[in-house]
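Dear colleague,

Please find below the structure that I am handing over to you. I would be grateful if you could look through it alongside the notes that come after it.

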Amino acid sequence: MIDWTEDIESILISESEIKEIVKLVAKKIEDDYRNEEKIVLVGVLKGSAVFMTDLMRQLHIPVEIDFMRVSSYGDSSVSSGNVNIILDLNRRGLGSENIIIVEDMVDSGRTLKYLVSYLKNKGAKSVRTATLLDKPGRREVEFTPEYVGKQIENKFVIGYGLDYAEKYRTLPYIGIIKPEKI
Ligand code: PRP
């Protein structure tokens, strides 16, 4: 039987630590948005799926949910971080929505920088971002998420939604893969 846990070198963030991190992020969002009318969490598939579903259940304020899916152009000759929208919000324009984009990871910053301006241009009342993990050392564009679960060093991490070649997303913790598995 294939066992993904055998590919893990070490656990960087345990299940119980993730739980605490999610609660803290939810608390900050609640404090900031308590008086807002229409709040929409927009999860960016696929990586954010697990964080998104845990975060929404820790929020004790009414929120709607939605999803987008994007991909970056892999060609490094394309500068300015063009982002391909594969799945867009199925809403007729935006107006009263206070959007919080939910991500598993901010790396170069290109995806979220693009999405924030894309959704602002569509007319959202406000757009902020919440990420479980942030690698500020990898930034290629200026971008600061408003809500960060935990900053980490530049290590390749998997689990809790994050993948390597589409594997490991279902592991309940954030782990580091054995180098020989990459
Ligand atoms: C990851 C992550 C973010 C993006 C961050 O997604 O979920 O969406 O990369 O990188 P950036 O800051 O350099 O733009 P990925 O493209 O791996 O797709 P996935 O969510 O489907 O795993």
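The model is predicted, so local features need pLDDT of at least 70 and side-chain atom pairs count only at pLDDT 80 or more, while totals for chains, interfaces and linings use all residues. Residues are numbered from 1 along each chain as its sequence is written, and side-chain values use heavy atoms, with hydrogens and water left out.

The six-stranded sheet

Six strands form an open sheet with mixed pairing, in the order β4-β3-β2-β5-β6-β7. Helices (H or I, at least four residues) and strands (E, at least two) are DSSP runs, numbered from the N terminus, and two strands pair if DSSP finds at least two bridges between them. The edges are held by β4 (83-87) and β7 (147-151); each has a single partner strand, so one side of each is left without a neighbour in the sheet. From one strand to the next, the twist averages 30 degrees. Angles run from 0 to 180 degrees between N-to-C directions, and axes are lines fitted to C-alpha atoms, for helices over the stretch in contact.

Strand β3 (residues 64-72) pairs with β4 in the antiparallel sense over four bridges. In this pairing, arginine 69 stands opposite leucine 87 of β4. Helix α1 packs on this sheet and touches β2 (39-45), β5 (98-106), β6 (126-134) and β7, where contact means heavy atoms within 4.5 Å. The direction of α1 makes about 155 degrees with that of β7. Helix α3 lies across β2, β3, β4, β5 and β6, and runs at about 170 degrees to β5.

The three-stranded sheet

Three strands form an open sheet in the order β1-β9-β8, with antiparallel pairing. Here β1 (8-13) and β8 (157-158) stand at the edges with a single partner strand each, so one side of each is left without a neighbour in the sheet. Helix α1 (residues 15-33) packs on this sheet too, touching β1 and β9, and its direction makes about 30 degrees with that of β1.

Strand β9 (residues 174-177) pairs with β1 over four bridges, and two bridges join β9 to β8. Glycine 175 in β9 is the bridge partner of isoleucine 11 and also of isoleucine 158. Isoleucine 174 of β9 stands opposite isoleucine 13. Both faces of β9 are covered: Ile174 and Ile176 on one side, and Gly175 and Ile177 on the other, are all buried. Buried means under 20% relative accessible area, exposed over 50%, and partly exposed in between (1.4 Å probe, protein chains only).

Aromatic pairs

The structure holds three aromatic pairs. Rings of Phe, Tyr and Trp (its six-membered ring) pair if their centres lie within 6.5 Å; planes under 30 degrees apart count as stacked, over 60 as edge-to-face and the rest as tilted. One of the pairs joins tyrosine 114 and tyrosine 118, whose ring centres are 6.0 Å apart with planes at 20 degrees, so this pair is stacked. These two tyrosines are four residues apart in helix α3 (residues 110-121), and are therefore separated by about one helical turn. Tyrosine 114 is partly exposed, at a relative accessible area of 29%.

Another pair is that of phenylalanine 156 and tyrosine 164: the centres lie 5.6 Å apart and the planes at 85 degrees, so it is edge-to-face. Phenylalanine 156 is partly exposed at 39%, and tyrosine 164 is partly exposed at 24%.

The ligand site

The ligand is surrounded by 14 residues, the closest being Glu103, Asp104, Ser108, Gly109 and Thr111; a residue counts here if one of its heavy atoms lies within 4 Å. A polar side-chain atom of threonine 111 lies 2.5 Å from an oxygen atom of the ligand. For glycine 47, a backbone N or O atom lies 2.8 Å from a ligand oxygen atom, and the distance for a backbone N or O atom of aspartate 107 is 2.8 Å. A polar contact is a pair of N or O atoms within 3.5 Å; within protein, one must be able to donate a hydrogen and the other to accept it, and residues adjacent in sequence count only if both atoms are side-chain atoms.

Aspartate 7 and lysine 181

Aspartate 7, in the segment before β1, is buried at 10% relative accessibility. Lysine 181, in the segment after β9, is partly exposed at 38%. Not counting residues up to four places away in sequence, lysine 181 touches Asp7, Tyr164 and Tyr168.

With kind regards
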